[in-house]
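Here are my notes on this model. Please read them with the coordinates open.

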Amino acid sequence: MQRASFTKVISIILCGFLLIYFGVNLVQSARNPLRTAPAITMQSEDSFFAPGVLIRDETVINVRYPVVAALVREGERVSVGMAYLVSYASEADREREMRRGQLEQEIAGLELRLAADGGLHTTASVEAEIRQGIRDLGFAARQGDLGQLEDQTIALRTLALAGDREGLARRLETLESELETLFGAAAAANVTPIVADRAGVYSARLDGYESLSPADLERFDVEIVREILERRVSPPQHGAGKLIAGSVWYYAAIVPEAEAGHLAERLVGSLPNRVTVIFSELAGVEIPMRIHSLGVPQDGYRLAVFSANTALTETMGLRQTEARIVYDTFTGIRVPHEALHRGEPNAETGIAPAYVFTLTVGTAEQRFVTVLFEGPDYYLVRPDMSRSTDAGALRDGNTIIVRARDLYDGRVFR
């Protein structure tokens, strides 16, 4: 009975001590509310969205043949006199020609395999080649590269017979017999190569806007581009693709008048003539472009024309689209609005120094900064090295004091 009473008294005393401890801390927190945030490096951008149309120097390839196929891949550059298309008398001739190409490729692989090291390969080396071939096959499938996918499939069929010299010889004999039977003089007469009469980048994609050219940009204004964006046309019926001359292409975009000043500073001002354009269909692909021209205001908008000599093949499938135009990028340390303090303005320059306080081993330290960018509830800053030493500069990972009473340099928090 006495032990139970003693235990109860001890429990009451401990509870009293805990209440006093938490009460004191609560009062101190109310009198001096300390709140901190980590110093984190981040990036912010000044940008806006603008609808527009892509313009290139394009020529439609008109053909009179019933069946036409490309000998070059999408985005491949062709030269004058180069055979880049082939015509067939019928669909059956096209399928036969495709099979001939597969046969010739596989025959060449078999002959190479038989000739290498007398056809002898270790199991380990063959397995390594097969594993690499499977990886290449998967990569081609993910990229949607049908030509590479076919090449890797044929290569894997040959690898499956590696080390079996008799099997390789039988397979080679079978394919040569099929090639001789399938492809003779009569079949060759039904296949006609088509050579390029001009140089350019080949694309099989047609959208009906190939008649637009860079020369048209001089007459373009906001209303004309709006009409192009709303219009829907059909691709040419007898087109076998197109050739894109040169490497420079353009994006004619309708930009808000409120954003046009940022572009004018780069077109005719002292800032570098460069922006980053991110098309909605190519999320994550950042394309550096120059401001080619900036039109006059029209109902709160202007026509801005951007040009680039890179990413031609990546953008060949785009015409009417929307893009995000990034004209400034800032990288700095994120500081909450409440954590930034201003000193007395300089008598000569009128500039007030900016600084924050960091908490280092329980002590507040003043660190001067330069504001780079203001967000909705934060600033991006960099250390002001004209007022700080290397040891006293704000760095990523510091603990920033966002709020505290009686805050000053050297203040000790307990």
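1. Aspartate 216 is buried at 17% relative accessibility, because the cut-off for buried is under 20%. Its salt-bridge partner is arginine 219, with the closest N and O atoms 3.5 Å apart. Arginine 219 is partly exposed, at 47% relative accessibility. Keep in mind that this is a predicted model.

2. Arginine 56 and glutamate 58 also form a salt bridge. Here the closest N and O atoms are 2.8 Å apart. Are these two residues buried or exposed? Arginine 56 is buried, at 0% relative accessibility. Glutamate 58 is buried as well, at 8%.

3. The Arg56 and Glu58 pair belongs to a network of salt bridges. Asp207, Glu210, Lys242 and Arg319 are also linked in this network. The model's salt-bridge count comes to 20.

4. Aspartate 328 and arginine 266 meet through their side chains in a salt bridge, 3.0 Å from N to O. This pair links distant parts of the chain. Aspartate 328 lies in strand E14 and arginine 266 in helix H8, 62 residues apart. Arginine 266 is buried, with a relative accessible area of 4%. Aspartate 328 is partly exposed, at 27%.

5. Which residues of helix H8 are buried? In this helix, residues 257–267, they are Glu259, Ala260, Leu263 and Arg266. Seen down the axis of H8, these buried residues fall within an arc of 115°, so they line one face of the helix.

6. What do the buried residues of H8 pack against? They pack against six listed strands: E2 (40–55), E10 (249–256), E11 (275–279), E12 (287–294), E13 (301–308) and E14 (320–336). Strand E14 is also where aspartate 328 sits, the salt-bridge partner of arginine 266.

7. Glycine 343 sits in the loop between strand E15 (341–342) and strand E16 (354–360). Glycine 343 is partly exposed, with a relative accessible area of 23%. How far is glycine 343 from alanine 354 in space? The C-alpha to C-alpha distance is 6.4 Å, while the two are 11 residues apart in sequence. Leaving out residues up to four places away in sequence, glycine 343 touches Ala352, Pro353 and Tyr355.

Key:
Residues are numbered from 1 along each chain as its sequence is written. This is a predicted model: local features need pLDDT of at least 70, side-chain atom pairs count only at pLDDT 80 or more; totals for chains, interfaces and linings use all residues. Side-chain values use heavy atoms; hydrogens and water are left out. Buried means under 20% relative accessible area, exposed over 50%, partly exposed in between (1.4 Å probe, protein chains only). Helices (H or I, at least four residues) and strands (E, at least two) are DSSP runs, numbered from the N terminus. The arc is that of the directions from the helix axis to the C-beta atoms. Contact means heavy atoms within 4.5 Å. A salt bridge is a side-chain nitrogen of Lys or Arg within 4 Å of a carboxyl oxygen of Asp or Glu.
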